[in-house]
Amino acid sequence: MKKNRALLLGIGNPLLTDDGIGIAVARELAKRRLPGIDIEEATASGIEVMEMMLDYEKVVVVDAIMMPDREPGEIMRLEEKDFSHTVHGSSPHGVNISTAIALGRQTSPERMPKEIVFIAMQAEDVSTFGERQTKKVARKMPELVDAVVREMQ
Amino acid sequence: MAGPMIFDQKVKTDKKRITIDPVTRLEGHGKIDIFLDEKGDCKNAYWQVPELRGFERFCIGRHVGELPVLTNRLCGVCPAAHHLASARALDAVFSAEPTPTAHKLRELFYMGQYVHSHIAHFYALAAPDFVLGPAAPANKRNILGVVEAVGVPIGAEVIKHRHYGQKVQEIIGGRATHPVFGIPGGVSKPITEEERAEMETMAKSCVEFGKFTLKLFNDVVLANKDYMGLITNGKSFYQETNYMGLVDENDKINFYRGKVKVVSPDGKELAKFEPKDYLKYIAEHVEPWTYMKMPIFKPIGWKGLVDGAASGIYRVGPLGRLNVAKGFTTPLAQAAYENMVKTVRSLGVTGPVHHTLAYHWARVIELQYAAEKMLELASDKTITSTDVRGKIGEPKEGVGIVEAPRGTLIHHYKSDKDGICTGINMVVATTNNNAAIAHEIKKNAMALIKDGMVSPGLLNIIEMGFRCYDPCNSCGTHILPDGSRALEVRILDSDGNVKQTLKNF
């Protein structure tokens, strides 16, 4: 399959309430069939996510985030440099996303995207098993989808 | 490349409590508290897992056919193991015997999981301690530092073969991370000849990479007298426990199916049982200071956090498997196993290997086995048969057991006549090792911290103890016995007084 130039990657666990934000956005955008964009979802992190990014010019990652002093539903735009430290997002045996991206740039620099952007939404609950988002987060989902579409254009 | 930094300068501390939180290079959130006495010697240490997830409750009322794709969401580390344990449990629930091709496809898929998982653990998690040393600066003690030290071409090989493991899982399982192919009595789809040939090519390369990894382990770890001293000193990183693992009819290691064998600290067979009988042999002990249960060998029972033949604590995982079995069914892994046995016998070890750091050694031998078995199965042209589903009967109760990369994994389901799940119990690998990990940390802290002398590298050596087990806490704390129970963690001082209460949810 020939790849498009850009990838939208929704990350999360669809069974952990707000952690499913990224997957929900990916599924919504898959329905819209945006030209020139591949859409993938992953319940993973680390090296596996880095491998999914290979050979794209631009990758937009959509995920839930838990930051101090932020309101559930708040949307943030982050870049690689903002991810120098993260406790979570270290799923496949503790290699977090920033380490995995650095590893990609170290071992396959020519295949890594020029630009990697993270669109994240503040989650309220990422630990209760459930397949729906919390109310505050669910209300903001259309805004999140719009923000991702703008970033991909 | 420069040699590893094993010991760094110690700094005297006047603190009475040292906390490592969160611990690094470990899935899920863990916490270690170390208590010092007035002299500054380590008096006590607790390994805590302050998470509770309630997954089993989530599964009640679902159709049991959904469980292979629900339980594999316990975490992102070993979904393949949960998926297969679940499929094995469903075989039992529906009294369904998979066809020979279905067994082969499941096992080939699982070799992909082992190749991927053991490469990730050894190179990303264990190698920083060995290639760079536990006293190397923290910001270098990761896979980036390892690649810097061993060279980018080797780093690229690591990534490539880890990916091959993932690719095999994707071809057979439908997805690389959260597979969807396991069903009662077989698998949901056959593979094509092109897919078989592609996997055979990847498997050949993995066998060579297995050889390379064994050589690297030999050159960097076994040939280094400081590391060998750490591995074999018999004081730290040493516990005389029972061991558990799956074996085939010839007592050889089998990751996918077989009987569960348990041996004593002196290597005597204590039990060999069918998965359905696990409750006769395994009991789950609960300690008040951690959410993770502590399974024990039931015929002996809980005798406290102690090792020895009188204790019911057992260990699982790569070293546990090597200690219960008589080696492997593939030639290169068997040769590496025999070399390990010869080496430890020359050091005076007569029974099982109790040296915890040898887990890493066992893991690289298992990587070789998984690659060889992958090649054996992928070279079998009959594996493309379309006869991939056996007949299924009426649903009832069933148990499935596989060896996850980090140890014995048990799924036990109860179903009503309509296939609705009415009961579920999972005993996961990290839970099986929980008591041993807690004991390991306590023992190492007591051996390594004296007179308040503490250094960052020393603390990392203590962390090295649990890292051997490749623990996955998000899998290990999945039980919600009562939804109204308060979700708190207690921190206790050396006298057992509660000093602090943490709420994690």
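This is a predicted model: local features need pLDDT of at least 70, side-chain atom pairs count only at pLDDT 80 or more; totals for chains, interfaces and linings use all residues.
The contact between the two helices involves A:I21, A:A24, A:V25, A:E28 and A:L29 on the side of α1(A), which meet A:V137, A:M141, A:L144, A:V145 and A:V148 of α4(A).

Chain A as a whole contains four helices and five strands, which follow one another from the N terminus in the order β-α-β-α-β-β-α-β-α. Of the 153 residues in chain A, 48% are buried. When contacts in chain A between residues at least 6 apart in sequence are considered, 79% of them join residues at least 24 apart.

In chain B, helix α7 (residues 193–222) comprises 30 residues and reaches 42 Å from its first C-alpha to its last, which is close to the 44 Å expected at 1.5 Å a residue. The buried residues of α7(B) are B:R196, B:M199, B:M202, B:A203, B:C206, B:V207, B:F209, B:G210, B:T213, B:L214, B:F217 and B:V221. The elements of chain B that cover these buried residues include α4 (100–132), α6 (152–173), α8 (225–232), α11 (331–346) and α12 (358–378).

Two open sheets of chain B were also examined. Three strands form an open antiparallel sheet in the order β13-β14-β15 (chain B). Because β13 (397–404) and β15 (421–427) of chain B stand at its edges with a single partner strand each, one side of each is left without a neighbour in the sheet. Neighbouring strands of this sheet are turned against each other by 15° on average, direction ignored. Strand β14 (residues 407–415) of chain B pairs with β15(B) in the antiparallel sense over six bridges, and B:Y413 stands opposite B:I424 in β15(B). Helix α3 (residues 79–93) of chain B lies across β13 and β14 of chain B and runs at about 150° to β13(B).

The other sheet is open and of mixed pairing, with four strands in the order β9-β8-β7-β12 (chain B). Its edge strands are β9 (269–273) and β12 (314–315) of chain B, each of which pairs on one side only. Strand β8 (residues 259–263) of chain B runs antiparallel to β9(B) and is joined to β9(B) by four bridges; the bridge partner of B:V263 in β9(B) is B:E269.

Notes:
Residues are numbered from 1 along each chain as its sequence is written. Chains are lettered from A and ligands numbered from 1 in the order in which they are written. The expected span of a helix is 1.5 Å times one less than its number of residues. A residue is buried if 20 or more other C-beta atoms lie within 10 Å of its own, exposed if 12 or fewer, and partly exposed in between; C-beta atoms are placed from the backbone. Two residues are in contact if their C-beta atoms, placed from the backbone, lie within 7 Å. Two strands pair if DSSP finds at least two bridges between them. Axes are lines fitted to C-alpha atoms, for helices over the stretch in contact, and angles run from 0 to 180 degrees between N-to-C directions.
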